[in-house]
Amino acid sequence: MKISRRNFVKNSTILSGIAMMGMKTNLFANEEDIQWDEEWDVIVAGSGFAGSAALCQAIDLGAKTLMIDKMPVLGGNSAINGGAFSIVGSPQQEKRGIKDSYELYVKDIFKAGLGLNQRELVEVIAKNGNDAYKFTTQRGVFYRDNLGHFGGHSVPRTIWPAINSGGKITLPLQAYAKKSGATIRTRVILDDLIFDKSGKKVIGIKVRENYKFSFDPMSNEEDNKSGITKYYKINGGIVMATGGFAYDVNFRQKLDPKLTPDLDCTNHYGATGYALRMMMKNNVKTRDLGWIQLGPWGSPDEKGFGISPVFAIPAFAYGVMVDARTGKRFVNELADRKIRADAILKIHENPDGSLTHPIVFCDSVGATGTRKENVYRGIHKKVIRKFDTLKELANFYKIPYEGLKKTVDDYNKYVKNGKDEEMDKPFFKLRGKTPDISKPPYYAFRAIPKVHHTMGGVVIDTEARVYGKDDKVIEGLFAAGEAVGGPHGASRLGSCAVPDCLVFGRIAAKSAVKLLKQRV
């Protein structure tokens, strides 16, 4: 996809306006003016995948390390997502004889990102994902013997922790770090960076302890003045693992007017972009802020992330998605997230402004591609529906039965012949056999895109060092995870966030400790 000059200029103008919203000078005229409350070697802001990996790495390297999070509970988006983790050369791939390569991994990420990705960052993720996987297993994370195929990936390469929860990665890492001597604090919000007298080196931060987060997606978090101000000195560096801004409706709509307040969001409530805007006020360079991803697997029958994304993994892989008005397919069910979300938004609005949600479904064999508990939970919540016959499914969702039956018959023929003649969807085996849609009962859910991931953030290099608007490294400032722009271009490939966060969280911590030793 080619980005037009007109759209590029328009986007750049919007971003320039946002970046100018808080041009500021250093917090203190002289370093001697600062009354430090505490002193640390490394501080990690944020407690998701990136922050947890950084915390473990820094403490392993002998640094006196503090993790802070503004929320009352740890984990951020990482704690509530599905924990899907794509890497090359996992034991799960090797056991099943899946041929994969770093080059193919990078190619898939670039295709989803429309070629706008920062190549050197993508290559670092691809080559170091397996080491990050081993790093987590050595610190208490357990991965089950399952291998999934996410949309946009050329081969199956996605694995999961014990259950479909990122918390099964973050919690063991945090427990390991605490046992090893790290300090972790909640309800501490990062208000500002403190520079040395040259204005080029981060030497500390201004925070508020006992912060009381208040959820209101239409408000600006800058208006919340709760908490007690403290100043922390940093001898090495700070790792910004503060995540994205998908739940800040005003901010995201300035970047993309189509993302109106009525669009639901899969993120945790604290994904407000407060830390990002703070960095922008300190003249940090950003990129790709206008690229905001919608997850095509959300459901209008539940709020937030919910259970539908988990069930959607086998439903998209081993079933079909149809327009409820016709019963016909309209997109490759294993295309990347942007392609599927755009396709849904293109067809689901009726002439009178009402919405008809597409239906995603598979049969009883396809449904075994996820844990039984996930299916039962979805049925209990009335997000997933179970039908004994295709006719029942059609009647419930008011789908023309003949159109739906033809779609299923055609799909089953494609599976038998090994070629999807309609949408060119790749077929993959489940326990040795490629499932069709012929063995009732059938399991289905209504789909709607939800705001899921923000591709934009601060600019870093392969050492996770953050750059200023003058294109020079800001000493002492490092970043990882969704706070960073560049790895994912226009749209993140599913299950690539976990390796991104873990890989660059570790790198950021290593760089901060390296700087600590240089400063000492």
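**View 1. Arginine 119 over the ring of phenylalanine 110.** In this predicted model, the charged end of arginine 119 sits over a phenylalanine ring. That ring belongs to phenylalanine 110, and its centre is 4.2 Å away.

**View 2. Arginine 340 over the face of phenylalanine 316.** Here arginine 340 lies over an aromatic face. The distance to the ring centre of phenylalanine 316 is 4.8 Å.

**View 3. A cluster of Phe85, Tyr133 and Tyr143.** Ring pairs join these residues into a cluster. In total, the structure holds 14 aromatic pairs.

**View 4. The aromatic pair of phenylalanine 387 and tyrosine 397.** A pair of rings is described by two values: the distance of the centres and the angle of the planes. For phenylalanine 387 and tyrosine 397, the centres are 5.8 Å apart and the planes stand at 65 degrees. The pair is edge-to-face. It links distant parts of the chain, 10 residues apart. Phenylalanine 387 lies in strand β13 (residues 385–387). Tyrosine 397 lies in helix α13 (residues 390–397). Both phenylalanine 387 and tyrosine 397 are buried.

**View 5. Phenylalanine 396 and tyrosine 397.** Tyrosine 397 also pairs with phenylalanine 396. Their ring centres are 5.0 Å apart. Why is this pair edge-to-face? The planes meet at 90 degrees, and an angle over 60 counts as edge-to-face. Are the two residues buried or partly exposed? Phenylalanine 396 has 41% relative accessibility, so it counts as partly exposed. Tyrosine 397 has 11%, so it counts as buried. The cut-off for buried is under 20%.

Conventions. Residues are numbered from 1 along each chain as its sequence is written. This is a predicted model: local features need pLDDT of at least 70, side-chain atom pairs count only at pLDDT 80 or more; totals for chains, interfaces and linings use all residues. Side-chain values use heavy atoms; hydrogens and water are left out. Rings of Phe, Tyr and Trp (its six-membered ring) pair if their centres lie within 6.5 Å; planes under 30 degrees apart count as stacked, over 60 as edge-to-face and the rest as tilted. Helices (H or I, at least four residues) and strands (E, at least two) are DSSP runs, numbered from the N terminus. Buried means under 20% relative accessible area, exposed over 50%, partly exposed in between (1.4 Å probe, protein chains only). A charge sits over a ring if NZ of Lys or CZ of Arg is within 6 Å of the ring centre and within 35 degrees of the ring normal.
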